[in-house]
Amino acid sequence: MNYSSLALAAIGATVASFAFGALLFWLAPGLIKESHKYPAVFRPAEEMKTVMPVGIVATYMAILVAAIIFATMHQVGSGITGGARFGVLIGIFVVCAFVLHNYVNLNIGLKLALGQALAYFVQWTIIGIVIGLIYKPLATP
């Protein structure tokens, strides 16, 4: 495993993840507005800012783990296609294990859950693509 390439891929994908998140706030303000309907579930923006470092570190760690999984999957291959395939699989995993699971456990509406599902699916697909574009395995002799 190429550890320096792995770290670079994780950093690049983390930057891409936060860039997509910022773009999403701009392009889909309705999703944020929808979450405001559930003040007992979501922290206010000012309070979120106080715990944001936890979110940044957790996001990086999740992406690093995803990059490690990608690096160990020889049949996936590097590049945009392998990264996209990997990102789609992780996106489906996140939607099923996180978003839809939260829809069942949290008192949120279907509209918010479906919006989150689409956003997370696209975000993790982008993360997979960035990992695929950046990560390069060690050359074998």
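Let me begin with a word we need: a residue is buried when its relative accessible area is under 20%. Keep that cut-off in mind. One caution as well: this is a predicted model.

Start with Gly 132. Where is Gly 132 found? In helix H5. Its relative accessible area is 0%, so Gly 132 is buried. What does Gly 132 touch, leaving out residues up to four places away in sequence? Phe 70, Ser 78, Gly 79 and Gly 83. Now compare Lys 49. Gly 132 and Lys 49 are 83 residues apart in sequence. In space, their C-alpha atoms are 31 Å apart.

Two values describe a pair of aromatic rings: the distance of the centres and the angle of the planes. How many aromatic pairs does the count give? Three. Take Phe 70 with Phe 86. Their ring centres are 5.3 Å apart. Their planes meet at 65°, so this pair is edge-to-face. Now place the two rings. Phe 70 sits in helix H3, residues 45-72. Phe 86 sits in helix H4, residues 79-105. The pair therefore ties together parts that are 16 residues apart in sequence.

Next pair: Phe 98 and Tyr 120. This pair is also edge-to-face. The centres are 5.4 Å apart, and the planes are at 85°. Phe 98 lies in helix H4, and Tyr 120 lies in helix H5, residues 110-134. So this pair ties together parts that are 22 residues apart in sequence. Now look at accessibility. Phe 98 comes out at 38%, so it counts as partly exposed. Tyr 120 comes out at 28%, and it counts as partly exposed as well.

Tyr 120 leads us to the largest pocket. Which residues lie nearest the centre of that pocket? Phe 25, Phe 42, Met 48, Met 52 and Tyr 120. In total, 42 residues line the pocket. The space inside is about 1600 Å³. Which elements give two or more residues to the lining? Helix H1 (3-27), helix H2 (29-35), H3, H4 and H5. H3 gives the largest share, with 10 residues. What about the classes? The lining has 31 nonpolar residues, nine polar and two charged.

Helix H2 brings up Ser 35, which lies in that helix. At 14% relative accessibility, Ser 35 counts as buried. What lies 2.6 Å from a polar atom of the Ser 35 side chain? The backbone oxygen of Ile 32. Ser 35 also touches Phe 42 and Leu 112, again leaving out residues up to four places away in sequence.

Val 122 lies in helix H5. At 30% relative accessibility, Val 122 counts as partly exposed. Ile 90 is 32 residues from Val 122 along the chain. Their C-alpha atoms are separated by 10 Å.

Methods
Residues are numbered from 1 along each chain as its sequence is written. This is a predicted model: local features need pLDDT of at least 70, side-chain atom pairs count only at pLDDT 80 or more; totals for chains, interfaces and linings use all residues. Side-chain values use heavy atoms; hydrogens and water are left out. Rings of Phe, Tyr and Trp (its six-membered ring) pair if their centres lie within 6.5 Å; planes under 30 degrees apart count as stacked, over 60 as edge-to-face and the rest as tilted. Helices (H or I, at least four residues) and strands (E, at least two) are DSSP runs, numbered from the N terminus. Buried means under 20% relative accessible area, exposed over 50%, partly exposed in between (1.4 Å probe, protein chains only). On a 1 Å grid over the protein atoms alone, a cavity is a set of points where a 1.4 Å probe fits but cannot get out, and a pocket is an open set with protein on both sides within 12 Å along at least five of seven lines; lining residues have an atom within 4 Å of a point. Grid points are joined across faces, edges and corners, and a volume is the space filled by probe spheres set on the points. Ala, Val, Leu, Ile, Met, Phe, Trp, Tyr, Cys and Pro count as nonpolar, Asp, Glu, Lys and Arg as charged, and the others, Gly among them, as polar. Contact means heavy atoms within 4.5 Å. A polar contact is a pair of N or O atoms within 3.5 Å; within protein, one must be able to donate a hydrogen and the other to accept it, and residues adjacent in sequence count only if both atoms are side-chain atoms.
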